[in-house]
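Visitor: Please take one part of this structure and go through it closely. A plain account will do.

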Amino acid sequence: MRFLILVWVVLALSGAGAAWYAMRPYKRRGAWLGIVLAVMLLAAFAASFIVFGSQVDKSFVAVASYFFNWGMAAGGGAICIGAIIGLALALAFER
């Protein structure tokens, strides 16, 4: 379990570093768009747990939500959080 936590933290830090490095001073609007998209993806992740958390039928939406949830829990959430932090820091310090 510690290894999985370490992998999740490394993914978050690498996402933050990549977002910081990719931020260009003249691309502020793109940075805000990236933050908004990452927040929307995390909101969809949370909403899918709330909406389909107790559903047991085997509909296509339930199966797609299952794969989306585990993909986000395994690494997508970490990358989104890292991207938000990296872009926000780059915007704050105007790299």
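Guide: The model is a predicted one. Within α1, the buried residues are A12, G15, A16 and A19. These four cover an arc of only 95° around the axis, which means that they lie on the same side of α1. The other side of α1 carries the exposed residues R2, F3, L6, L13, Y21 and A22. Buried here stands for under 20% relative accessible area, and exposed for over 50%.

Next comes the packing of this helix. Two packed helices are described by the angle between their axes and the distance between the axes. For α1 (residues 2-22) and α3 (residues 60-93), the angle is about 35° and the axes are 6 Å apart. The crossing of α1 and α3 is right-handed. In the contact of α1 with α3, 16 residues are nonpolar and five are polar, while no charged residue takes part.

After α3 comes E94, with a positive phi near 45°.

As for the setting, the protein has three helices and zero strands, in the pattern α-α-α along the sequence. Its C-alpha atoms fill a box of roughly 50 × 30 × 15 Å along the principal axes. Of the 95 residues of the protein, 25% count as buried.

Note on methods
Residues are numbered from 1 along each chain as its sequence is written. This is a predicted model: local features need pLDDT of at least 70, side-chain atom pairs count only at pLDDT 80 or more; totals for chains, interfaces and linings use all residues. Side-chain values use heavy atoms; hydrogens and water are left out. Axes are lines fitted to C-alpha atoms, for helices over the stretch in contact, and angles run from 0 to 180 degrees between N-to-C directions. Helices (H or I, at least four residues) and strands (E, at least two) are DSSP runs, numbered from the N terminus. A crossing is left-handed if the near helix is turned anticlockwise from the far one by less than a right angle, and right-handed if clockwise. Ala, Val, Leu, Ile, Met, Phe, Trp, Tyr, Cys and Pro count as nonpolar, Asp, Glu, Lys and Arg as charged, and the others, Gly among them, as polar. Buried means under 20% relative accessible area, exposed over 50%, partly exposed in between (1.4 Å probe, protein chains only). The arc is that of the directions from the helix axis to the C-beta atoms.
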